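Q: I am new to this structure and would like a short tour. Could we begin with the terms?

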Amino acid sequence: MTGTSTGAVRAPAELWQLAVDTLESNWEHDHTVPSRTLYPHQWSWDSAFIAIGWSHVRPERAWRELASLFRAQWADGRVPHIVFNAALPVGSYFPGPEFWHSAVADAAPTAATSGLIQPPVHALAAWLAYRRAPSEQGRSELRRLYPRLLAQQRYLATHRDVAGSGLAAVVHPWESGVDNSPAWDAPMAAVPADVAVMSAYRRHDTAHADAAHRPTDLDYARYVAIVASYREQRYRDDGLADRHPWLVECPLLNAAAGAAEHALARIATVVGADPGPHRERAARITEALLRRLYDPVTGTFQPRDLRTDRLIPARTALGLMPLMLPDLPARPAATVIEEACSARFGVARRMDRPLPSHDRTAPDFEPLRYWRGPSWLNLAWLLRRGLRDHGRPDLAAGLRQSMIDLVARSGCHEYFHPDTGVGLGSPAFGWTAALLLDVLADDDPER
């Protein structure tokens, strides 16, 4: 890997211990916080990735992680993207529970949560946790989780299929998981917002990270405006097409929903349910992704702005994520792999730079700013699974080594400079540690 490093290169045993220590230090009685500095509550897809890591060292914690998250599931099936720790003082995080005021919603749980979702990688996490540490307890935990995972998928397929297309819409950039992606610039620009509104709030992210690396105050003013619109309607999903200011069909979220159905088909065989409906739903999601979001000109997937009914042309790592679908047909899989291997993303058998979150040849590529260029281990981990499923274990091995190299040089940071590998964002970050354990445990990179 090119560029400077922030510390000595660590041996595999040291990396394993670093990752375990990071997870242990972030454990909070029944869940793991993403970081002790910036993210002191429980985040949805973070917990899914973290459960995968725990399955290698403390399997019982993997199940506690998922169970604690799903205890806060709403009655309509949504899994909130933040579950707030009631023991923390008001103002310890923005936007906190007083901002979300989830109690206004009829479907909300008693716990304070946000009203948004994140990519549904939880069924995949549950399956991997069971497969990597099979036990009677694991089977019992799968039986308990299975109906909740079904409700999560049902919520996406019914409440969020705004266009009737077979795909779920996200109602806020935060729901995509890639909060500040250049893919959201055009739909965000259409959201009316006054930056002065931010004078009423105190951002915590800029207190823990360089403001030049984070979303701007205008970005946050728009984030706040979108949440306010949703909250004013008590987080109801009926009528979204008529009233909500931001609606997008996201390749990552919908690919995760398809992968969840494949995972649920496997879980069904363990818990005594019928896997057939899951396979059928997975096929329908893949078909809808190809019909709605695949651009044959660029050979990649692109989000669709439902306000304009147009694909968003930004070439981001979002467009690579449908490769995680094992039933993606050969031709689009080949063009997505070609995109991944292009100068835009640089995936190779031997990588000199890690996978960026945005096209590194684009004029709006920002190597330091949140999701606008930096490298994240979770995106590399998802893409690596897809490469293996679609017959490119050589590229998957290159991506695996680049993930290991990042942490070996810079530690378990939230994200990394996409050229130098320098660690950015929060240190001691949970999913970085968890996914590092997962790739280290896979001692056959060609598998």
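A: Contact means heavy atoms within 4.5 Å. This is a predicted model, in which local features need pLDDT of at least 70 and side-chain atom pairs count only at pLDDT 80 or more, while totals for chains, interfaces and linings use all residues. Residues are numbered from 1 along each chain as its sequence is written, and side-chain values use heavy atoms, with hydrogens and water left out.

Q: What does L252 touch?

A: Leaving aside residues up to four places away in sequence, L252 touches W45, P119, S176, V178, L318, M321, M324, L379 and L382.

Q: Which residues have the most contacts inside the largest nonpolar core?
A: They are W184, L252, W381 and L383, in a core of 140 residues. Such a core is a set of buried Ala, Val, Leu, Ile, Met, Phe, Trp, Tyr and Cys residues joined through side-chain atoms within 4.5 Å. Buried means under 20% relative accessible area, with a 1.4 Å probe and protein chains only.

Q: And which helix gives the most to this core?
A: Helix α11, residues 251–271, contributes twelve residues. Helices are DSSP runs of H or I with at least four residues, and strands are runs of E with at least two, numbered from the N terminus.

Q: How many helices and strands are there?
A: The protein has 16 helices and twelve strands. Its radius of gyration is 20 Å, close to the 22 Å that the globule rule gives for 447 residues, so the protein is as compact as a globular protein of that length. That radius is taken over C-alpha atoms, and the rule is 2.2 Å times the number of residues to the power 0.38.

Q: What share of the residues is buried?
A: Of the 447 residues, 62% count as buried.

Technical notes:
Buried < 20%, exposed > 50% of the residue type's maximum accessible area, 1.4 Å probe, protein only.
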